[in-house]
Amino acid sequence: MSGRWIVGGLAGAMLIGATPPLEAQLPRLLGPLPEEGLRVAPFFDGWYENPDGTISLSFGFSNLNKESVEILLGPDNFIVPKEYDGRQPTSFPVVVPPPPGGRGGAPGAGATAGGAATAGATASAGAAGGTGGSTAAAGGGGAAGGGGGGGNANLNRRDRERGVFTVRVPASYKGDVVWTLRYQGQTWSVPGRTRSTAYQLSWPMAMGSVPPLLRFQPNGPAGRGPVGIQGPPLQARVGAPRPLTIWLTDDAVHEKEPIPVKREVVPSMNVTWYKHSGPAGPVVFSPPREPVADPEGKAITTATFKEPGEYVIRVRGDSFGNIDSSAADQCCWTNAYWDVVVTR
């Protein structure tokens, strides 16, 4: 079995034994993307050191398809070692454009990762077509920027989600935590590892931005960063809107801009709601995204479930409106999660 590694940026994805014909799965880089059947790949964003000495590995994903994709937990969506399996998403939305003047996409802000990721996929699948099983790593760096504006669907579909969930390992952990996704005959795996400081992530950013504090009650415990905070278990009924509320605080101490930058004034914080995992049916949020104009504020949505079952809802509070902050910088957002049991 031949193998080739292509590395770009801090994150990587690995294609193993792609079976569809090369022409069917890998469009030319400057050409339009097909409507469906494209890859859904996991990415490793880097690692954080926690106050107690443990390490949190941060993962995201890229979905090149035009529509959201569901990959249920099991043989097509798993993590090894098995003790870390189950926290990953099963719902993989497409990145959509940011609002006018915004720096981060919603859902899933970030720099375009298609350049590095597509290069890796092309090399590995080309070799696989000739040898039947080469392995390649596709880097997750890509072009710098905050999510890309405009309405170009192809460009947006090449964006990716960062910091969707984390896996916590002991400080002494030496192995890899590998996330694998299988979709449309393609298998992608990515190893999360802590053996290189090049993968280490930290904040504050250049002018002081940090992930905002996120709470479930005005004076309750707060979470910060991709590790986030877990909310109390909730119950809901099919078709009945379920209110969800969070409180968000931007407590960063910002330096003065050394050179004033003429730009449109936008809210510094935004809140975006996601179906993280659960049955294949959709979850409708109203609203799905909203700005938080003040340094401290509240965000409310309703979640409507189409199918009964056990779900995880994720909400991301970001401060991408600040000039030194975007998902492309691996800063600055905070996750929160609810386990929701939905009945008829």
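**A short tour of strands, spaces and salt bridges**

Hi everyone, let me start with strand 16, which gives the largest share of the lining of the second largest cavity, 3 residues. A quick word on terms: strands (E, at least two residues) are DSSP runs, numbered from the N terminus. On a 1 Å grid over the protein atoms alone, a cavity is a set of points where a 1.4 Å probe fits but cannot get out, and lining residues have an atom within 4 Å of a point.

Before going on, please keep in mind that this is a predicted model, where local features need pLDDT of at least 70 and side-chain atom pairs count only at pLDDT 80 or more, while totals for chains, interfaces and linings use all residues. Residues are numbered from 1 along each chain as its sequence is written, and side-chain values use heavy atoms, with hydrogens and water left out.

Back to the cavity. How many cavities of 30 Å³ or more are there? The count comes to 2. The second largest cavity holds about 50 Å³ of space, where a volume is the space filled by probe spheres set on the grid points, which are joined across faces, edges and corners. Two elements give two or more residues to its lining: strand 8 and strand 16 (269–277). Among the lining residues are Phe 61, Glu 161, Val 164, Tyr 274, His 276 and Arg 314. By class, the lining has 5 nonpolar, 2 polar and 3 charged residues. Here Ala, Val, Leu, Ile, Met, Phe, Trp, Tyr, Cys and Pro count as nonpolar, Asp, Glu, Lys and Arg as charged, and the others, Gly among them, as polar.

A salt bridge is a side-chain nitrogen of Lys or Arg within 4 Å of a carboxyl oxygen of Asp or Glu. The whole structure has 10 salt bridges. In one of them, Asp 318 pairs with Arg 316, with the closest N and O atoms 3.5 Å apart. Salt bridges that share partners join Glu 161, Arg 314, Arg 316 and Asp 318 into one network. Are Asp 318 and Arg 316 buried or exposed? Asp 318 is buried, at 0% relative accessible area, and Arg 316 is buried too, at 2%. For these labels, buried means under 20% relative accessible area, exposed over 50%, and partly exposed in between (1.4 Å probe, protein chains only).

Here is another pair: Arg 195 forms a salt bridge with Asp 176, their closest N and O atoms being 3.3 Å apart. Arg 195 sits in the loop between strand 10 (186–192) and strand 11 (213–215), and Asp 176 in the loop between strand 8 and strand 9 (177–183), so the pair ties together parts that are 19 residues apart in sequence. Asp 176 is partly exposed, at 24% relative accessibility.

Three strands form an open sheet in the order 2-3-8, with antiparallel pairing; two strands pair if DSSP finds at least two bridges between them. Strand 3 (residues 55–63) is joined to strand 8 by 6 bridges, and Ile 55 stands opposite Val 169 in strand 8.

Elsewhere, strand 5 (residues 77–80) has a covered face, Asn 77 and Ile 79, and an uncovered one, Phe 78 and Val 80. Strand 5 runs antiparallel to strand 9, with 4 bridges joining them, and Ile 79 stands opposite Trp 179 in strand 9.

Finally, some backbone details. Most residues other than glycine have a negative phi, and most peptide bonds are trans. Where are the exceptions? A cis peptide bond joins Trp 203 and Pro 204, with omega about 15°, and Pro 204 lies in the loop between strand 10 and strand 11. Another cis peptide bond joins Ser 286 and Pro 287, with omega about 0°. Gln 184 is not a glycine, yet has a positive phi of about 55°; Gln 184 is found in the loop between strand 9 and strand 10 and is partly exposed at 45% relative accessible area. Gln 330 also has a positive phi of about 55°, but Gln 330 counts as buried at 10% relative accessibility.

Conventions: 1 Å grid on protein atoms, 1.4 Å probe; cavity = no way out; pocket = protein on both sides within 12 Å on 5 of 7 lines; lining within 4 Å.
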